[in-house]
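Reader: Could you go through this structure with me, a piece at a time? I am still learning how to read one.

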Amino acid sequence: MTEETLGRAVIVVDGDATRRQLTVRGRIDESSRLSERVEAWAAAEVTIDTAGVVFLNSIGVREWMRLLRGLADRGATVYLDRCAEPIIEQINMILDARGSATVRSFHAPYQCTACGHDAPALLDVATHGDAMRRMEAPAMPCPECGESMVLYEVPEKYFTFLVG
């Protein structure tokens with residue numbers, strides 16, 4: 001396992017040429033230069049966890065798209081796990097921001113109807129995908145009181161990529 005710093009982003013790299021895990025945290029922006037690491041990170045299967053990404057600007061989106069395209073061009077099957085809100089928002093606005101990757105889970109803003117606690121909820125596409133394709137947000141348990149949390153935004157902002 002290695003840790004690489006690319007500008008304001010930190011990427012933990014684990015695995016081998018068969019299966020590689022990239023865990024990205026921080027800011028993806030003009031300083032990140034993710035596309036320069038495609039060759040080193042390529043594998044038959046690449047899983048990218050972006051739960052720790054806190055910011056993504058337009059140049060960062062370009063780098064992100066180049067990373068995904070570069071991995072796919074090298075034959076990688078790419079999975080996106082625990083996508084951070086900034087990533088999933090871009091995936092819903094820009095078709096190519098997902099590339100050919102499969103989103104398996106992502107964070108969306110939720111708020112508890114009972115206690116008012118708000119926190120991102122991790123949504124699993126395999127579990128909740130059918131409802132989300134109908135733009136129906138699944139209820140999630142509140143970590144504070146155990147009651148139901150509901151999506152704090154319009155479903156289209158987070159679920160559109162599942163439809164097309």
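Reader: Which residue does the side chain of aspartate 81 join in a polar contact?

Author: Bearing in mind that this is a predicted model, the side chain of aspartate 81 is joined to the side chain of arginine 104 by a polar contact of 2.9 Å.

Reader: Is aspartate 81 buried or exposed, and why?

Author: Aspartate 81 is buried, because its relative accessible area is 16%, and the cut-off for buried is under 20%.

Reader: What does aspartate 81 touch?

Author: Leaving out residues up to four places away in sequence, aspartate 81 touches Thr47, Ile48, Asp49 and Thr50, and also Arg104 and Ser105.

Reader: Which strand does aspartate 81 lie in?

Author: Aspartate 81 lies in strand E5, which covers residues 77-81. Two bridges join E5 to E6, and these strands run parallel, with leucine 80 standing opposite valine 103 in E6.

Reader: What is the order of the strands in the open sheet?

Author: The open sheet has 6 strands in the order E1-E2-E3-E4-E5-E6, and the pairing is mixed. Strand E1 (2-6) and strand E6 (102-103) stand at the edges with a single partner strand each, so one side of each is left without a neighbour in the sheet.

Reader: And which strands does helix H2 lie across?

Author: Helix H2, residues 58-73, lies across strand E3 (19-28), strand E4 (45-56) and E5, and it runs at about 175° to E4. Helix H3, residues 85-93, packs on the sheet as well, where it touches E3, E4, E5 and E6, and its direction makes about 105° with that of E4.

Reader: Changing topic, where is arginine 33?

Author: Arginine 33 has its place in the loop between E3 and helix H1 (38-41). Arginine 33 is partly exposed, since its relative accessible area is 45%.

Reader: What is arginine 33 in contact with?

Author: If we leave aside neighbours within four places in sequence, arginine 33 is in contact with Leu6 and Glu63. The side chain of arginine 33 also makes a polar contact, at 3.0 Å, with the side chain of glutamate 36. As for alanine 9, which is 24 residues apart from arginine 33 along the chain, the C-alpha atoms of the two are separated by 9.3 Å.

Reader: Okay, helix H4 next: which of its residues are buried?

Author: In helix H4, residues 125-133, the buried residues are Val125, Gly129, Ala131 and Met132. These buried residues of H4 pack against E6, E7, strand E8 (118-124) and helix H5 (156-159).

Methods: Residues numbered from 1 in each chain as written. Predicted model: local features only at pLDDT ≥ 70, side-chain atom pairs only at ≥ 80, totals over all residues. Heavy atoms only, no water. Helix = DSSP H or I, 4+ residues; strand = E, 2+ residues; numbered from the N terminus. Buried < 20%, exposed > 50% of the residue type's maximum accessible area, 1.4 Å probe, protein only. Polar contact = N/O pair within 3.5 Å; in protein donor to acceptor, adjacent residues only side chain to side chain. Contact = heavy atoms within 4.5 Å. Pairing = 2+ DSSP bridges. Axes fitted to C-alpha atoms, helices over the stretch in contact; angles between N-to-C directions.
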